[in-house]
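Visitor: Could you put the model up, so that we can go through it together?
Guide: Here it is.

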Amino acid sequence: MPDLLYLRHYSDSLQQQVRQLLADNKLGTVLQQRYPEQSHPVQTDKALYALTMELKRQWLKSSEPISKVVFDPKIHVINNALGTHTQISRVQGGKLKSKNEIRVAALLKQLPLPLLQMVVVHELAHLREKDHNKAFYKLCQHMQPDYHQLELDLRLFLTLHDNPPSP
């Protein structure tokens with residue numbers, strides 16, 4: 001029986017459905033039907049930066065600036081989720097300056113664009129809400145109304161990645 005590491009906090013019934021899809025080699029088909037376009041043009045740090053800044057401009061105009069947005073091949077999916085947001089503070093002269101950086105797992109280059117956008121939205125939401133609380137998820141849903149479905153779908157893709165179909 002496969003370990004559904006990414007679905008631990010979901011209901012037993014959903015986990016059972018996923019186990020059955022895996023056993024029947026149908027999870028990939030279900031995801032392919034939901035996301036017929038598996039590839040996307042956001043393959044470089046420059047393109048990721050442009051996507052992130054467009055979403056920031058659209059939804060978080062008055063939030064703090066972002067100094068860096070990159071794909072990071074070192075992000076471990078389990079330990080760091082799929083993205084990180086860091087705020088680095090430094091004293092320069094007599095002023096405290098801070099920089100915001102967003103790093104996204106390079107694995108997202110291989111997944112459908114809506115899933116990459118969901119991770120970017122998640123990291124952008126941390127500009128306003130540092131913790132994963134109600135306000136944080138409300139902001140995520142404001143920026144991307146189907147946020148929770150996309151998060152589940154991303155977890156399904158990761159589950160499929162870790163449990164490839166048997167021949």
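Visitor: How many aromatic pairs does a search of the whole structure find?
Guide: The search finds three aromatic pairs, where rings of Phe, Tyr and Trp (its six-membered ring) pair if their centres lie within 6.5 Å, and planes under 30 degrees apart count as stacked, over 60 as edge-to-face and the rest as tilted. Tyrosine 137 and tyrosine 147 form one that is tilted, at 6.1 Å centre to centre and with 55° between the planes.

Visitor: And which parts does that pair tie together?
Guide: Tyrosine 137 sits in helix α6 (residues 134-143) and tyrosine 147 in helix α7 (residues 147-162), so the pair links parts ten residues apart in sequence. Helices here are DSSP runs of H or I with at least four residues, strands are runs of E with at least two, and both are numbered from the N terminus.

Visitor: Is tyrosine 147 buried or exposed?
Guide: Tyrosine 147 is buried, at 0% relative accessible area, whereas tyrosine 137 is partly exposed at 24%; buried means under 20%, exposed over 50% and partly exposed in between, with a 1.4 Å probe and protein chains only.

Visitor: Which residues form the aromatic cluster?
Guide: Phe136, Tyr137 and Tyr147 form one cluster.

Visitor: Changing topic, what's the overall layout?
Guide: The protein has seven helices and three strands, running α-α-α-β-α-β-β-α-α-α from the N terminus, and buried residues make up 41% of its 167 residues.

Visitor: What should I keep in mind about the numbers?
Guide: This is a predicted model, in which local features need pLDDT of at least 70 and side-chain atom pairs count only at pLDDT 80 or more, while totals for chains, interfaces and linings use all residues. Residues are numbered from 1 along each chain as its sequence is written, and side-chain values use heavy atoms, leaving out hydrogens and water.
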